[in-house]
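Thanks for coming. I have one structure to go through today, so please look at the screen.

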Amino acid sequence: MIEFFQQFTNGLAVGGIYALIALGYTMVYGVLKLINFAHGDLFTFGSYLGMTFLISFALSGALPPVLAVVIMFLMVMGCVALSGYLLEKAAYLPLRHTPRLTAVVSALGASIFLQNAIMLFYGPNYEVYPDSLRISSSVNLLGLDVPVMRIIMLSISILLMLALYFFTQKTKLGTAIRAVATDQAAARLMGIDVNRIISLVFMIGPALGGAAGVLLGLYYGQIRYDMGTMYGLKAFIAAIIGGIGNIPGAMLGGMLLGVLEAMGAAYISPAWKDALAFLILIIILIFRPTGILGERTAEKI
Amino acid sequence: MKKIVALCVALLILPALSAFAANIKIGLMAPLTGSYASEGADMRRVVELLAEELNNKGGVNGSKIEIIVQDDGSDVKTAASAAQRLATSEVCAVIGTYGSAVTESAQNIYNRNKILHVATGSTSVRLSEKGFPYFFRTCPRDDEQGLVATSTLHKFGYKNIAILHDNTAYAVGLAEEIKAGLEKAGTAKIVAYDALQPNERDYSAILTRLRGAAPDVIFFTGYYPEAAMLLRQMREIGWKIPMYGGDATNNSDLIKIGGASVVAGFRLISPPMPGDLNSKAAADFILAYTNKYRAVPSSIWSVLAGDAFKVIVEAIGKTGSTDADKMADYLHTKLNNFEGLTGAISFDAKGDRVGDLYRLYEVNSRGEFVLQ
């Protein structure tokens, strides 16, 4: 039983990362019906930016660690939000009124471009976050050894998700985002600047993805230019499991996928972990194509 | 008329002459990108340094050596196309590569094109069991590594052993060797035999699973990036049992990824490190390398690429030919205790290196590999 709960906490931590990335997919899909395949690479970009800020601005030495990490998070989220904004202007805005497949191809192109740009800039090797910021101890919770970093990681991702949830539900801008997602034409008639809202979505999603990248770097230490592909794919699955276009759905889907993967690794075989993730995707698509919390029928891409 | 004939003869001879003086091309297939990129960068430096030294001394048989580098991307598909490109660029021999699975995907192509192929870091047993006449390797084989691993585990008195591999050809092969060795000896119990998914970051699920089996040692047969992540995450969940690794964990990136304080105490079976080679040839080489690149080679595997270069040049020099059959015959039968960088080199009939090379190393708290 102890092992079961241990695996459960293992899964939650990975699930938090999946959920944060999945939010970016789901928000963009919600307003544009577009799968932003470059999102996984924006996540990688965030991870590399975090490392660069930590090392080159000597954030890790001059400031108290907590403050340094908070500042780095804000810087990375800002920079990745900006690149998300530019990405939308360069790769998606010119194609807004073309068939949807065109934009998907453009997204794939943007993904390949970003991944290779990161590789050419930082090199193809593993990069490592400075060790000084990591807390490698663990606490004992009800008989479980849970690493402190894991608790911090999960709390930060839940905090970010809650913030996003309240933003979309309780604020005027958030309401505008939901309005655009429901019906663009009607939203425009109500005086909402649709292009501005889409730009905003392309900033919030990547900012969260960038934050996930930094969390991953801080926790696992080791990052690589091509990691966005696999994490992006898993997060995409998570978004579909939860119901794509649905914000709480992405959170639920991410957590669920993380936990199911950990359980699969524990009780079937670790080598089957990825196969299991895709199997879950197939089962969901067959029996509940709208996802667990999704209302709309997912359209083919 | 005579003049014209003379001119014709001259025109006929000219290409032949220039062919004689032309460069001899040797291919290097190395992982310049991908998971093992740091190995590939070193392989290239080592081989290019040796080629430069040789060319400064006049080359071999009056010809200069030209190294043609292709990236195998640490990946079987990329390696196959790299091998195709090398095969069509008129190389007489190919050095490389590091990963066993990667070498395996290129083996057929070199064999079909009659190109001498000397692998450098690929220790999987099956590579030399296929009867390819032009295949050699300067590294030892996994069955020998398995024997040393088994006797080491036995020597330190471990009773409950967990074996972990990563599903690559090399790691599975070594894991099977160790498992068979332990079962034959019958002194220790294998409490877990499992695989992890390489190229991931979170190994907490597999560690929790292994912990449930209560081993008193883990032997990981995979590569350094995963070994480093395993050690970090073991530390985090507060699991303190020793971990041993195979020779693919021998890379200084292990320390970079894991951090010296975490990796300290990790033990690995490996051929001697560059700094522990005690011949004069090795010392001279390390000095030249350090002078040129301001660092020592990060692992033994790139030095073995240097040895591959040396035996190929020796074969070309002694046979006076770049014909693969003649060179392979020379290496199989006549090359005897050739002085390489990593010690005396001879090959058996399968093209495997003869002699025992494996040693036990431990990482100290400064992140250095110390010979035990």
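Two residues are in contact here if their C-beta atoms, placed from the backbone, lie within 7 Å. Keep in mind that this is a predicted model.

With that cut-off, take the contacts in chain A that have a separation of 6 or more: 76% of them are between residues 24 or more positions apart. Chain A contains 12 helices and 4 strands. Its C-alpha trace spans about 55 × 45 × 40 Å along the principal axes. For 301 residues, a compact globule would have a radius of gyration near 19 Å, and chain A agrees, at 19 Å. Of those 301 residues, 52% count as buried.

Next, the core. The largest nonpolar core has 211 residues, and the members that touch the most others are A:Ala211 and B:Ile312. Domain 1 and domain 2 of chain B each supply at least three residues to this core. Neighbours within four places in sequence aside, A:Ala211 is in contact with A:Leu20, A:Gly46, A:Phe73, A:Val76, A:Met77 and A:Leu160.

Now chain B. Domain 1 covers 2-140 + 278-345, and domain 2 covers 143-270. Their C-alpha centres are 33 Å apart. Each domain of chain B puts 15 residues into the contact between them. What does the domain 1 side consist of, by class? There are 4 nonpolar, 8 polar and 3 charged residues on the side of domain 1 of chain B that touches domain 2. Helix H2 (37-56) and helix H4 (100-112) of chain B are the elements that give two or more residues to that side. H4(B) has the largest share, 3 residues.

Definitions and conventions:
Residues numbered from 1 in each chain as written. Chains lettered and ligands numbered in written order. Predicted model: local features only at pLDDT ≥ 70, side-chain atom pairs only at ≥ 80, totals over all residues. Domains from an automatic or database assignment. Nonpolar A, V, L, I, M, F, W, Y, C, P; charged D, E, K, R; others polar. Core = buried A, V, L, I, M, F, W, Y, C linked by C-beta atoms within 7 Å. Buried ≥ 20, exposed ≤ 12 C-beta atoms within 10 Å, placed from the backbone. Rg over C-alpha atoms; globule rule 2.2 N^0.38 Å.
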